[in-house]
Amino acid sequence: MSNEVEGPEEGSEPGPVDPFGLTRAFQPLTDYYRTTMAETLRPLAETVISTSRIGEAIGRQVAEAAGLNAMLRETLEPLNEHFREYWRDFFETLGSLKERIYPPNLHDATPSVEEFEQLLLEEGIPLMWVPGPKIVRVLLDATDARERRRVIGRRWKGIISDCEAVIDSVDHPSLQESRNFAFDCVDALRDGHSNPAQALAANLLDGLMHAHFKKPDRVKLTSNKKGGARFDLNDYQIRVALTFAPVWYAHAEYWPKNGDPIPRVFGRHPSAHGVSRTQYSRINAVYGLMLVTSVLKFFDVEMER
């Protein structure tokens, strides 16, 4: 369809008048935005969606996508409706970037790259699918790791409900047995049996990792050795990175035979080999349930594709 203003055909009724030639005058600007700017911004969107990398620059721009969308709309406001028609689909795509990449609990309170690294890699707090958006917001507003751990300890009932809702949404046939065991974790925690809940969560996490990853991939995602390589978010697609970074944290090396002290934070190895009042607690059981829920939902989403 041509965008040029043509004169009426001979014998036809006169068409709409464009006395200032706005359509033709804006055509070069339209072409500029459709080519130069579209080629600059659209690859960013497509790169984030297709490769789902979480490099610092991309991560920040995705988190600020809504602001960029608003800025572009304001910039183009003086242009006529004809011009804006070209950008309608692009605005919709840009505005939904966050929704495409992040699960619902992160749509309203999306962490920065630095916050992701701190909470996932330094503190082992799952953020994918659980906890719910209100608790995510509180965690982001907390001043330090100690306060965030207290938040999880105080809000354990709400977090359990968040996990239960996500577990309930898991519908892939091959995950139903694991889903039922995850519900058992929920029930045990609610009934005050945090020790069985933590033990089951740790073993269910281990079972999911063995069932759905080949050994080289599983080892890479769980190899958290003293002095070893740190989990790098840039090495994985974004949902893999954000889901399994806290799983990596939970697999911190622990060797009782070497005299390693039993850690107070949740860990897969001390849950199995360091059973004690130091390792086993209600708050660690909640961490374990969040991890299992996040990993279970990750497989559910990926296997539906």
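Arg268 counts as buried in this predicted model, at 17% relative accessibility, because the cut-off for that label is under 20%.

Ser194 is buried, with a relative accessible area of 15%. What does Ser194 touch, once residues up to four places away in sequence are set aside? The list is Ala188, Leu189, Ser281, Arg282 and Ala285. Ile283 is worth a look here too: 89 residues separate it from Ser194 along the chain, yet the two C-alpha atoms are 8.4 Å apart.

Back to charges. Side chains of opposite charge can pair when their charged atoms come close, and a search of the whole structure turns up eight salt bridges. One of them joins Arg148 and Glu123, at 2.6 Å from N to O. Arg148 is in helix 8, while Glu123 is in the loop between helix 6 (113-122) and helix 7 (133-141), so the pair links distant parts of the chain, 25 residues apart. Are these two residues buried or exposed? Arg148 is buried at 6% relative accessibility, and Glu123 is buried at 8%.

Lys226 and Asp260 make another salt bridge, 2.9 Å from N to O. Here both partners come from loops: Lys226 from the one between helix 12 (215-222) and helix 13 (238-250), Asp260 from the one between helix 13 and helix 14, 34 residues apart. Lys226 is exposed at 55% relative accessibility, whereas Asp260 is buried, with a relative accessible area of 15%.

Now return to helix 8, which runs over residues 145-154 and includes Arg146. Arg146 is exposed, with a relative accessible area of 62%. On the surface, Arg146 gathers with Arg150, Arg154 and Arg155 in a patch of positive charge.

Finally, step back to the whole chain. There are 15 helices and zero strands. Of the 305 residues, 45% count as buried. The chain exposes about 16100 Å², and carbon and sulfur atoms supply 51% of that area. Among contacts with a separation of 6 or more, 66% come from residues 24 or more positions apart.

Methods. Residues numbered from 1 in each chain as written. Predicted model: local features only at pLDDT ≥ 70, side-chain atom pairs only at ≥ 80, totals over all residues. Heavy atoms only, no water. Helix = DSSP H or I, 4+ residues; strand = E, 2+ residues; numbered from the N terminus. Buried < 20%, exposed > 50% of the residue type's maximum accessible area, 1.4 Å probe, protein only. Contact = heavy atoms within 4.5 Å. Areas by Shrake-Rupley, 256 points an atom, 1.4 Å probe, with all protein chains shown as cover. Patch = residues over 30% accessible without salt bridge, like charges linked within 9 Å, V, L, I, M, F, W, Y side chains within 5 Å. Salt bridge = Lys/Arg side-chain N within 4 Å of Asp/Glu carboxyl O. Lys, Arg positive; Asp, Glu negative; His and termini not counted. Charge placed at Lys NZ, Arg CZ, Asp CG, Glu CD.
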